[in-house]
Structures are given as C-alpha cells and as structure tokens.
Amino acid sequence: MEDRVSISISEGVADVRLVRADKMNALDQAMFEALVAATDRLSKDKSVRVVVLSGEGRAFCAGLDMGRFAAMNEKGGNGIPGGENRDLTKRTHGQANFPQQAVWGWRQLPVPVIAAIQGVAFGGGFQLALGADMRFLTPDARMSIMEIKWGLVPDMAGTPILASLVRDDILRDLTYTGRIFSAQEAMSYGLATRICDDPRATALEVAREIAGKSPDAIRAAKRLLNNLSVDPGPALLAESVEQQKLIGSANQTEAVRANLEKRAARYVD
C-alpha cells in the first residue's frame, strides 16, 4: 500500500497522498487496492476527524493506467481492476463493487474528506475527486469525464455523485463529449469548492479548523448530509451493468486501438 498511498495522521487530520508521481498517480491494480485499503483503515480509526486527499507530483490523478487500456486490446483481456474478466455486477462492498469502492469508500467515511487537486483529474481520477466532500483546485487544474474517449462510461460511483452536483444538461455535455474543462468551469458547474494557489495547504488549514470542532457533531453532520442523497444502489449497479456490456465490445476495442495508434476511430453501427 505504501508504494501507492501514504497516510500520516496528526491532531485528528489524516493526510492521505497518492505517491505514484512518476505515473501521474494513474490507477493501476495496486493503486485501486491501496485506495480501498486506505478507506478501510481510516473508517476504523476513531482518532481521525478529517481527511485531506491529494496526489504527489504534477497531477492529482491522470485516470486509469494506460496498461489497463492496452490490456483491453489483448485477446481475452479487459483491463478491469480487481482481476481479469471480473464480474462488475457483483457487489463486493455493500452497494458497490471493487472499483467503485475506491471512490465510494471516501464518501462512506464517517468524517469529512477534502480533495486537493493540481494538474489533472481525468476519468477515474476525476471520479476519485468526486468521492470527497469538498474539492480545492489550483487555477490551472483541468478535469474530464474522459471515459467516452475509450468507448466506456463512468463506472466508479461517479454518476450518482455527479447527479447531486451538476445540472442535468451540463452533466450530459461533459459525459457525451469527454471534453476537458478548467478549474473556473468546474467552479461554475458546482464541481469545485474553492480555487486556490496551494490547494493542499488550504485543505490542511481547513481540515485543522474542522478537526477543532466537536467530532460527534461533525460525524452527525456527515451522516445527515449523506442521507440527503437518493439511494445510490440502483445507480451504482447500472454503472456496472452498462460498463460490463461495453468492455471488450467491437466499438470499445476500436476506441482503445484508435487512441493507442493515434488515428481516427472506425466504428460500426
């Protein structure tokens, strides 16, 4: 876990960092496992009052590791985190499957989570940021619901969270096009909480402020706010069903091949 995610705890604040800076903190199997393990550990630590989630280096998280996409192009490969040919519809963590838990686990923590985002948060990395209660961005940060580029749909708990944050037509625009949008656009869409020059430093400052409040009241507040959302179960399952049908299909394989070969895709109707 330590080679993908580091955790240090001081005065009630858990400073959680993605430490795969050489790969822009991309999501490989080890990263998925480390993220799930991190939320499991933090959920049991009564000393933790607030979590700050950030990535080392020039990016928060660039999304799924390119090796995963390459695996989708191999015979019998699907690039699914958690094992080849994994059944995405199987619920492994309550209402979520294994890849979803890497994001949904942060939403389930009994304490607030602040994501500090620099560089890019693309695809799965963007969904990871959505797992936090708040998102602090640098002015030049960029985001994207990038799954469509690879012939896929968001399937890491992004859709039920996005539905509570973004206007319906904006969400459809971002999902259908996969376009990259700025921190300023993220703020206008409801996807950014603050824009600041040093989001991690600001997040740690805010975290220390929250940690100074009654832990009972803070945990109660998170329970109340989480309960405002509709039941995420059907949306989480729908993500898995749709994604499983897409992975390995002719057009999804062509999307991956075209991107890897840097050419226009040739889709079939």
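Q: Why is cysteine 61 called buried?
A: Buried means under 20% relative accessible area, with over 50% counted as exposed and anything in between as partly exposed (1.4 Å probe, protein chains only). Cysteine 61 comes out at 0%, so buried is the label. Bear in mind that this is a predicted model, where local features need pLDDT of at least 70, side-chain atom pairs count only at pLDDT 80 or more, and totals for chains, interfaces and linings use all residues. Numbering starts from 1 along each chain as its sequence is written, and side-chain values use heavy atoms, leaving out hydrogens and water.

Q: What makes cysteine 196 buried or exposed?
A: Its relative accessible area is 12%, so cysteine 196 goes down as buried.

Q: And what makes glutamine 243 buried or exposed?
A: Relative accessibility is 3% here, so glutamine 243 counts as buried too. Its contacts (heavy atoms within 4.5 Å) include Leu88 and Asp155, leaving aside residues up to four places away in sequence.

Q: How do you know that strand 6 and strand 9 pair?
A: Pairing needs at least two bridges found by DSSP. Two bridges join strand 6 (residues 134–137) to strand 9, and the two run parallel. In one of the bridges, phenylalanine 136 partners arginine 194 of strand 9.

Definitions and conventions
Helices (H or I, at least four residues) and strands (E, at least two) are DSSP runs, numbered from the N terminus.
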